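I opened this notebook to record what I looked up in one structure. The entries follow in the order of my checks.

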Amino acid sequence: RRVHGTLSECLFFFAIYFFPSSFPTRMGNVEASQPRAPSYTPRMRLRMGPPVPLSCPAQLQSETRTVRNHANLLPATLRLEPDRGGGGVRIKFEADVDRPAAVTIYVASREQHRETGVTFHPLAAAAPTVPPANLETGAGVAFTSPCLDCSRVSRKALRYREDDPTAFPLVIVLSFEGSGKTNDAQITYADLGRGAAVRVLAQKLLVNGTLYAMAPLFGGQPVSGVVVDDDEASDCVICLSSPCDTFTMPCRHHCLCAACADALRRRSRECPVCRRVVERFVSRGTVAESQFG
């Protein structure tokens with residue numbers, strides 16, 4: 001029995017040594033000649049190749065024409081005030097004016113485009129219109145219109161409808177002398193809500209017969225024209241050393257210098273402030289300018 005037991009043990013160890021794949025282990029059948037792949041742990045670092053640049057459009061930087069706005073209506077100040085004596089309403093707002101200007105107000109009118117600019121015609125014979133009135137020059141100039149009787153105008157004409165985009169409940173035109181033969185103007189389109197509520201729909205700038213859409217720029221100079229005495233507020237958000245001179249469109253963030261904008265154009269398409277996709281970069285020296293913003 002001792003000899004038989006010793007011989008069996010020898011054969012068993014001999015088989016394990018020369019035929020390890022025939023015997024199961026805790027990890028399964030593992031061949032001695034085939035190395036196991038190391039399991040991943042959080043401390044292990046993955047070997048990555050060089051970063052691949054994202055594909056971007058060949059041209060994302062655009063040059064635009066420089067124009068100036070000499071009369072700027074402040075949208076936040078536009079409001080209606082009921083006239084107790086006359087039974088109508090008065091339109092009030094404030095504007096920044098650096099050149100003699102005139103105010104013309106249209107209620108329930110339709111916009112028509114022509115070669116020399118735009119004109120506005122009343123939707124109904126009873127729609128009131130304020131003839132041109134002079135504006136003083138200065139910052140934050142207050143204006144109050146005469147009493148307007150809108151009682152004979154239908155409520156449908158005093159509400160803006162998306163299915164009729166050329167009809168506007170309220171249009172305010174600030175006209176001033178331009179560089180061409182015709183006067184330039186800033187046009188404010190507004191909707192009349194319930195009570196004295198006024199909602200500005202859009203603002204446009206008419207220069208030499210061409211109509212430009214106006215939009216606020218985030219990070220530029222304030223509307224009042226007061227320059228903020230803070231160098232860090234005007235630095236590029238990427239290099240933190242060069243002054244900002246480039247806007248990202250359409251989000252309109254004034255946050256990049258020209259060098260970083262060119263580098264961002266080649267590598268990515270995201271605004272560094274809001275992460276929105278950038279369609280184009282606009283240099284500050286080529287965007288529509290205004291003395292007050």
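I took buried to mean under 20% relative accessible area, exposed over 50%, and partly exposed in between (1.4 Å probe, protein chains only). The model is predicted, so I noted that local features need pLDDT of at least 70, side-chain atom pairs count only at pLDDT 80 or more, and totals for chains, interfaces and linings use all residues. Residues are numbered from 1 along each chain as its sequence is written, and side-chain values use heavy atoms, with hydrogens and water left out.

Entry 1, glutamine 203. I located glutamine 203 in strand β12 (residues 198-207); strands are DSSP runs of E, at least two residues, and helices are runs of H or I, at least four, numbered from the N terminus. Glutamine 203 counts as buried because its relative accessibility is 12%. I listed its contacts (heavy atoms within 4.5 Å). Leaving aside residues up to four places away in sequence, glutamine 203 touches Leu73, Pro75, Gln186, Ile187, Thr188, Tyr212, Ala213 and Met214. A polar atom of the glutamine 203 side chain lies 3.1 Å from the backbone oxygen of leucine 73.

Entry 2, valine 237. I found valine 237 in the loop between β13 (210-213) and β14 (246-249). Valine 237 has a relative accessible area of 40% and is therefore partly exposed.

I recorded two helices and 17 strands. Of the 293 residues, 32% are buried. Among contacts between residues at least 6 apart in sequence, 57% join residues at least 24 apart.

Terms used: Polar contact = N/O pair within 3.5 Å; in protein donor to acceptor, adjacent residues only side chain to side chain.
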